[in-house]
Amino acid sequence: MKVELYKATDQHANMPDYKTAKDNFSWEEIEKEFSWYESGKVNMAYEAIDKHVDEGHGDKIALHYKLDDDIQSFTFKEMKENSNKAANLLKNAGVKKGDRVFIFMARSPELYFALLGALKIGAIVGPLFEAFMEKAVRDRMENSDASTIVTTPELLPRVPVDELPHLENVIVSGDDVDEKYISYKKEFEKASTEFDIEWLDKEDGLILHYTSGSTGQPKGVLHAQYAMVQQYISGKYVLDLKEDDVYWCTADPGWVTGTSYGIFAPWLNRATNVIVGGRFSPESWYGALEELKVTVWYSAPTAFRMLMGSSDNVVEKYDLSALRHVLSVGEPLNPEVVKWGMEVFNLRIHDTWWMTETGAHMIVNFPSMDIKGGSMGKPLPGVEATIIDDQGNELPPNRMGNLAMKSGWPAMMREIYKNKPKYDSYFIGDWYISGDSAYMDEDGYFWFQGRVDDVIMTAGERVGPFEIESKLVEHEAVQEAGVIGKPDPVRGEIVKAFIALRDGYEPTDELKEEIRVFVKNGLAAHAAPREIEFKDSLPKTRSGKIMRRVLKAWELDLPAGDLSSMDDD
Ligand code: 6R9
């Protein structure tokens, strides 16, 4: 296939060129830009918010929150005061340094106050997607022995409050809060705007994101305060954030992109950050870009493809002339989408590759670099990436293998919560193995090829088949279930389930729908299989593992490969 080349433009004129940035790079030098460099004592919420007030930028707008036709704006000073109030509220409830505090709310200013407030105490924040249902919430809070949850009246019914032995505080927003719980609103109103920040070690915990693997329950990926060094510099270099930028990252904080690049990177760089509530529609998104005069925009291929699919003239109704830099993450950015971006925005869409576990950008289309349509770009300065075989040997250019990075970048996860063997399984020697396959071309550009494991990427969400299979077999009609990602032009992949029914159940369309709704209500909407196919039995290994590889081969009409370990009865 012919590769389109998009030359660097003077749009990023004051950016260092890639080679200069890379050759002169040292994490140690970046660290020195932080005030905590000498003392070693740090707090993310201070660096992201309070510091800017101390340095005379208290009146600058930190946040525009847009919900439908309403926009609320907060200066850095107001963010400081509101997060201090939230910190006092949490402290009064008994929350201490190191406690796990979960935040389960739709995007709203309160969510950000609570999250920053928890960080000011030195608590470890566990953000949850608002789409999560009870099982997803329970698994995460149980695994991390969470002491506190901050939630909304709408989401409270999905929190199994009486079944979590470590849960001490349930803090609920809204007006009429049951006396059993703490009223966010009442306590917030009473709370002081002054707070003594807890000073932390740079290796102390920051945030706990759960992410799906191909086996087992979701894993708790723990990041340290020190991640800020990389989040800051990638915000500066890759997002190219400047003093006057209005920056919008479309991701929810339940996903790592919504924290590393929806909260930390923009505020560490003192940018004006935009949060848009409500649901996606081309009109509401283009409307937000226009109305808030967004200059830097970070989104995902699925969203771009949905915008692409909307009728041609929708975009023409909006004035998007403020926009100067567009970036993408989460799934492969198709060359067609880059081409579309050039047509509608007259801008290159810059792909970025990284993972929950890496905590920050790893492979990027650096702004001053030529873009090869369909490539993820080159390693962030300071990051060493390569392709290795299964034994850990580096492969020459143009050979497909495991995408791997040399351990030791600042934002690297510090722990898989309470699961050391799982953490260790990520490494071959010094190499961190991403679980993606890729190759590097002769110019040093990396090209994504696929996941090595069975993880499904649907509309930018990483969903583990195991979690869905476990939910499916809870349904009374389901004997066994196997789940795969089926390629889909808009969503990348959709969730497809193969199901063998228990005796006495008829394979009807009504039953398919009932099972779909069961997963949607029990786990999460994006985890519900869009397609279900009934089978008499499913292919299994001798140890009883469902062979998703075979299911995938059935689906794609491919040879199934080595079936020697398949069950033969
Ligand atoms: C940030 C984030 C990580 C997985 C990753 C890969 C896929 C992310 C990508 C990409 C192709 C890109 N992925 N960025 N694939 N091109 N630019 O997405 O974290 O949710 O943990 O997912 O997403 O498969 O391994 P996370």
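This is a predicted model: local features need pLDDT of at least 70, side-chain atom pairs count only at pLDDT 80 or more; totals for chains, interfaces and linings use all residues.
1. In the W255 side chain, an N or O atom sits 2.7 Å from an oxygen atom of the ligand. For T356, a side-chain N or O atom is 2.5 Å from a ligand oxygen atom.

2. E331 takes part through its backbone. One of its backbone N or O atoms is 3.3 Å from a nitrogen atom of the ligand.

3. Helix 4 against helix 5. Helix 4 covers residues 76-92 and helix 5 covers residues 109-121. Their axes come within 7 Å and cross at roughly 65 degrees. The crossing is right-handed.

4. Residues at that crossing. Helix 4 contributes M79, K80, N82, S83, N84, A86, A87, L90 and K91. Across from them, helix 5 contributes Y112, F113, A114, L116, G117, A118, K120 and I121. By class, the contact has 10 nonpolar, 4 polar and 3 charged residues.

5. Annotated span. An unreviewed UniProt entry places a "transmembrane region" at residues 111-132. In the model, this span is 50% helix and 18% strand. The C-alpha atoms at the ends of residues 111-132 lie 16 Å apart.

Note on methods: Residues are numbered from 1 along each chain as its sequence is written. Side-chain values use heavy atoms; hydrogens and water are left out. Axes are lines fitted to C-alpha atoms, for helices over the stretch in contact, and angles run from 0 to 180 degrees between N-to-C directions. Helices (H or I, at least four residues) and strands (E, at least two) are DSSP runs, numbered from the N terminus. A crossing is left-handed if the near helix is turned anticlockwise from the far one by less than a right angle, and right-handed if clockwise. Contact means heavy atoms within 4.5 Å. Ala, Val, Leu, Ile, Met, Phe, Trp, Tyr, Cys and Pro count as nonpolar, Asp, Glu, Lys and Arg as charged, and the others, Gly among them, as polar. UniProt positions are given in the numbering used here, feature names are shortened, and annotations may be inferred rather than shown by experiment. A polar contact is a pair of N or O atoms within 3.5 Å; within protein, one must be able to donate a hydrogen and the other to accept it, and residues adjacent in sequence count only if both atoms are side-chain atoms.
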